[in-house]
Every structure is written in structure tokens, then in C-alpha cells.
Amino acid sequence: MPLSDHEQRLFEQIEQSLSEDPQFANAVRAHDPAHVTRRRLILAGVVTVIGIAAVIGTVIAGGDAAKWGAPIGAVLMFGGLILGLWAQRRGTNVKLKAVDGKGTTRSTGGGSGKNTKPGGFTSRMEERWRRRRDNGDIF
């Protein structure tokens, strides 16, 4: 149902007043899923780089430092990679889920950035998986 002219003007005034408030804009941006995902990916990259630097630095230093520094660096490096993968997957899941008119969940595009044709391989595989899951088939 379209808005009346009066409602449209009120809506535009409210939108204008909210856009001028920097505190409100920061509060909305802080909870934006894309912003949160970006922040987590940056954190994961920093942790991974620190882990790599720790491994390389302790191997170069040698001695007792390599005994403890290299495993700690490896754990940091692995943890950063896992955090990055988790953040990326969680970010795309939040962005991609939508409910169609039948009450079932479907993908709305985006995600990996690949342009798949409607009858492409991935579409067919996803449809087979959905049918298998809906029918209760295991194999």
C-alpha cells in the first residue's frame, strides 16, 4: 500500500532529522551486520599476521624462544584463520536469508560474488539438497 503525500513528507522529514544526528548514525552503523563482519575480518587478519610474525621471529631468534614462541604463533595464526572463516560465513548467512511467500527460507544472492545462471550447476545442487532435506532422505 503506497503512502499518501502527507505521510511521505512526514517520512522524509523524519529521515532527514535522523540522518543529521551523528550519534544515531554511529549507533546504527555499530549494529550493521556488514560493518560487524568487516570489523571481525580485520581482527582476524591482524591476529593471523601477528601469528605469522611470531613464528618467523622465534624461528629466526632460535634458542629457547623458538620452543614456546613458534607453537604460540602457530595457534594465533590458525585461530585468526578460523575467526576469519567464521566471520565470513556468519556475515553471508545474515545477509542471504530471506523468507519467500510460502514460508520457506531461500537465498537472495550475493555471498561468494559469483554470478551463477538460474539453471547452473550450483543451483541444481542446491535444489537437490533442499529436496533431499525436505523429503527426509539421508543419501
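Predicted model: local features only at pLDDT ≥ 70, side-chain atom pairs only at ≥ 80, totals over all residues.
Residues are numbered from 1 along each chain as its sequence is written. Local features need pLDDT of at least 70, side-chain atom pairs count only at pLDDT 80 or more, totals for chains, interfaces and linings use all residues, and side-chain values use heavy atoms, with hydrogens and water left out.

**Exercise 1.** Work out which pattern the protein follows along the sequence.

*Solution.* Start with the elements: five helices and two strands. Helices (H or I, at least four residues) and strands (E, at least two) are DSSP runs, numbered from the N terminus. Then read along the sequence to get α-α-α-α-β-β-α.

**Exercise 2.** Compare the reach of α3 with its expected span.

*Solution.* First, note that α3 covers residues 33–61, which is 29 residues. Next, recall that the expected span is 1.5 Å times one less than the number of residues. Finally, compare: α3 reaches 42 Å from its first C-alpha to its last, close to the 42 Å expected. Just after α3, Gly62 takes a positive phi of about 65 degrees.

**Exercise 3.** Find out whether Thr58 is buried or exposed, and which residues it is in contact with.

*Solution.* Begin with the cut-offs: buried means under 20% relative accessible area, exposed over 50%, partly exposed in between (1.4 Å probe, protein chains only). Thr58 has a relative accessible area of 13%, so Thr58 is buried. Now look for contacts (heavy atoms within 4.5 Å). Leaving aside neighbours within four places in sequence, Thr58 touches Ala65, Ala66, Gly69 and Ala70.
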